Amino acid sequence: MIDRDAFGRMLDESARLLLENAEVLSDIDSKFGDGDHGITITKIAKLVQEQVAGRDSDQSIKDFLDDLGMAAMAVRGGSAGPLYGTMIGGLGVDLADDESVIDADAARRMFAGCLAEMQDITNAQVGDKTMMDALIPAVEAAQACASDDPAAVFAAAAAAAEAGAKASEGFASKFGRARSYGDQTIGTPDAGAVSTSLFLRGLAEGASH
């Protein structure tokens, strides 16, 4: 079981990994994008740290994720703020108001809700070279994980996200500024897919501690 404090530590680990890799993310993004993905991700990661540190200990996980998602949506810097805000807030949509711990079933519901929310704002699929290249396989892996250990669900999702981000190297961009470069983008991973895999890796590593 993952309680509210443990989930806060999971988010802190995600933020740490994102901050640690911010320059790498901007470098990837500079190839065919605006080169600022790491800068925006830094803002989001610092926001996560601030919100976790200042959270109300009585607030439900669902409400906390909703508040954090809304705050992330307001982060300026291209599409990353709204996308991350939707992804983070989406993790809470299928949780009950009074759920104070995350079991394996809740973890699977978190991923399902997250994907549903994302699909409301983007029709990107695996192969389109977006963050969905990491998120969709992660959600599928979470649903397929039959373990009754929530940490195992997060671990399965993180491993699939990393594989998806790596696979994005082989795709041509179909969204955003990079789309105009077409096949030239093959060989470079999608920055959003990489940052998404880092976010999910942080959750998994935090859950296993």
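Modeller: Leaving aside neighbours within four places in sequence, Leu-11 is in contact with Val-48, Val-52, Phe-64, Leu-68, Phe-199 and Leu-203. The model is a predicted one. Leu-11 belongs to the largest nonpolar core, which has 62 residues. Together with Phe-7, Tyr-84, Ile-102, Phe-154 and Phe-199, Leu-11 touches the most other members of that core. Helix α9, residues 191-208, gives the most to the core, with 9 residues. In soluble globular proteins, nonpolar side chains tend to be buried together.

Besides Tyr-84, the buried residues of α5 are Ala-80, Gly-81, Gly-85, Thr-86, Met-87, Ile-88, Gly-89 and Gly-90. These buried residues pack against α1 (4-20), α3 (37-53), α4 (61-73), α6, α7 (132-144) and α9.

The axes of α6 (residues 104-121) and α8 (residues 150-167) come within 7 Å and cross at roughly 30°. That angle is under 35 degrees, and α6 and α8 are therefore roughly parallel to each other. The crossing of α6 past α8 is right-handed. On α6 the contact is made by Ala-104, Ala-107, Arg-108, Met-110 and Phe-111, and on α8 by Pro-150, Val-153, Phe-154 and Ala-157. By class, the residues of this contact are 8 nonpolar, no polar and 1 charged.

Conventions: Residues are numbered from 1 along each chain as its sequence is written. This is a predicted model: local features need pLDDT of at least 70, side-chain atom pairs count only at pLDDT 80 or more; totals for chains, interfaces and linings use all residues. Side-chain values use heavy atoms; hydrogens and water are left out. A nonpolar core is a set of buried Ala, Val, Leu, Ile, Met, Phe, Trp, Tyr and Cys residues joined through side-chain atoms within 4.5 Å. Buried means under 20% relative accessible area, exposed over 50%, partly exposed in between (1.4 Å probe, protein chains only). Helices (H or I, at least four residues) and strands (E, at least two) are DSSP runs, numbered from the N terminus. Contact means heavy atoms within 4.5 Å. Axes are lines fitted to C-alpha atoms, for helices over the stretch in contact, and angles run from 0 to 180 degrees between N-to-C directions. Angles under 35 degrees count as roughly parallel, over 145 as roughly antiparallel, 65 to 115 as roughly perpendicular and the rest as oblique. A crossing is left-handed if the near helix is turned anticlockwise from the far one by less than a right angle, and right-handed if clockwise. Ala, Val, Leu, Ile, Met, Phe, Trp, Tyr, Cys and Pro count as nonpolar, Asp, Glu, Lys and Arg as charged, and the others, Gly among them, as polar.
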